[in-house]
Amino acid sequence: MARVLVINAGSSSLKVSVVDPLAADPVGAATIDWGSDATQAVDRRASLERALTTLPHEVAAAAHRVVHGGNRFRAPTLVDDGVLDELDRLSELAPLHNPVAVETIRAQRDLRPELPCVALFDTAFHASLEKEAYIYPLPYAWFSDWGVRRFGFHGLSVEWSVMRAAELLDVHAGQLSLVVAHLGSGCSVTAVQDGRSVWTSMGFTPLEGLVMGTRSGSVDPGVLLYAMRQHGITAIDLERILDHESGLLGISGTTGDVRELVSAADNGNDRARLALEIFERRAAEEIAAAATHLERLDAIVFTGGIGQNAAGLRASICSRLRILGLPRGVSIEGIEEDSVLSGGQGSVAVLRITAREDIVMARAALALVPSQ
């Protein structure tokens with residue numbers, strides 16, 4: 001049986017599908033919007049139960065996306081109670097993601113206990129990072145004794161983007177030098193050289209890097225020390241603010257949803273426009289930084305909910321990157337399929353690719369389950 005139940009409990013939605021890895025489209029799919037912050041959604045178990053009732057029942061395994069695998073999980077892993085306990089301990093490193101994922105895995109095991117359960121980790125693709133790319137400029141004992149290092153995230157999305165970019169550009173994936181910008185509720189940029197992650201913007205946790213829906217991305221650590229020292233902000237307060245009350249939401253004061261911000265900006269909301277401009281600026285900065293880690297730049301891939309669908313933001317980001325050799329005119333409204341938007345054949349290509357972590361997950365799960 002070549003079908004897999006794929007469950008992606010993300011930071012803003014629950015995506016459940018039944019996937020045949022050889023088919024272009026899922027056999028069945030359900031998406032439940034949890035808002036810009038999944039940890040605040042109510043009755044998440046009921047969401048999964050409702051989704052499962054709408055999908056085909058005949059599957060060989062269940063595959064779950066887990067954001068943070070730490071140093072322990074660097075490959076697809078069969079889930080048992082011991083694995084779940086270890087994932088619980090990693091929750092403090094990804095408080096917006098891992099607790100929701102672990103809760104969803106437990107719910108699925110209760111609802112479909114007969115299915116082998118496989119966890120796939122967003123950090124695994126970045127296991128190829130060299131030491132100089134993952135060590136922070138902090139006391140070395142923080143790395144050697146505490147395990148503080150850059151891990152990187154969105155690896156399943158990046159892996160798919162590399163494969164699809166190779167197909168679209170008619171180049172072997174192992175010969176591509178590209179930057180993948182995964183822009184959604186969470187955002188990251190990854191430099192991929194010859195199929196391997198060589199640099200990525202997210203770090204020890206999914207807080208580092210770009211401006212996100214409700215997450216701050218990188219800020220001067222001195223600001224955080226100032227807030228704690230001069231204004232009585234506690235560590236618990238700081239975690240809540242950085243994860244839930246910052247980013248696009250923090251700047252705009254209204255929402256972390258780009259669709260709503262675009263509409264508000266079009267209607268004269270200055271803070272919505274400011275939020276979008278800061279988002280565009282920071283995304284361009286991170287893409288440019290990623291390019292410095294490559295031998296050359298063949299292509300920039302836009303993926304994730306914003307990268308795929310927000311053509312205006314995509315065009316604005318690209319306009320800031322012309323110094324890298326990007327051509328003009330890459331917005332192309334209404335494109336809903338994987339496409340080379342511009343460039344290629346000797347110049348830097350700009351690609352729009354739909355995030356299909358589900359296919360990567362299904363293939364990996366089927367490769368693991370038959371051996372058991």
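A: In α8 (residues 235-244), the buried residues are Leu238, Leu242, Asp243 and His244. Buried means under 20% relative accessible area, exposed over 50%, and partly exposed in between, with a 1.4 Å probe and protein chains only. Helices are DSSP runs of H or I with at least four residues, strands are runs of E with at least two, and both are numbered from the N terminus.

Q: What do the buried residues of α8 pack against?

A: First the general idea. An α-helix has 3.6 residues a turn, so residues three or four places apart point the same way. In this case, the buried residues of α8 pack against α7 (221-231) and α9 (247-252). Contact means heavy atoms within 4.5 Å.

Q: What kind of model is this?

A: This is a predicted model, in which local features need pLDDT of at least 70, side-chain atom pairs count only at pLDDT 80 or more, and totals for chains, interfaces and linings use all residues. Residues are numbered from 1 along each chain as its sequence is written, and side-chain values use heavy atoms, with hydrogens and water left out.

Q: How many helices and strands are in the protein?

A: The protein has 14 helices and twelve strands. Its radius of gyration is 20 Å, close to the 21 Å that the globule rule gives for 372 residues, so the protein is as compact as a globular protein of that length. That radius is taken over C-alpha atoms, and the rule is 2.2 Å times the number of residues to the power 0.38. Of the 372 residues, 53% are buried. Take the contacts with a separation of 6 or more: 66% of them join residues 24 or more positions apart.

Q: How do I read a sheet? In what order do the six strands of the open sheet stand?

A: Look for pairs. Two strands pair if DSSP finds at least two bridges between them. Here the order is β3-β2-β1-β4-β6-β5, with mixed pairing. β3 (28-33) and β5 (77-78) stand at the edges with a single partner strand each, so one side of each has no neighbour in the sheet.

Q: Which pairs are parallel or antiparallel?

A: β1 (residues 4-9) and β4 (residues 61-66) pair in the parallel sense over four bridges. There, Val6 has Ala63 of β4 as its bridge partner. β1 and β2 are antiparallel, over six bridges. Asn8 stands opposite Lys15 in β2. β2 and β3 also run antiparallel, joined by six bridges. Ser17 has Ala29 of β3 as its bridge partner.

Q: How many residues of β2 are buried?

A: Six of the seven residues of β2 (residues 13-19) are buried, and the strand is mostly covered.

Q: Now a loop. Is Leu96 buried or exposed?

A: Leu96 sits in the loop between α2 (81-89) and α3 (98-111). This residue is buried, because its relative accessible area is 5%. The C-alpha atoms of Leu96 and Pro206 are 8.7 Å apart, although 110 residues separate the two along the chain.

Q: What about backbone angles? What is the phi of Asp170?

A: Asp170 has a positive phi of about 55°, although it is not a glycine. Its place is the loop between α6 (155-169) and β7 (177-183). Asp170 is exposed, at 72% relative accessible area. Asp194 also has a positive phi, near 55°. Asp194 lies in the loop between β8 (187-193) and β9 (196-200). This residue is partly exposed, at 35% relative accessibility.
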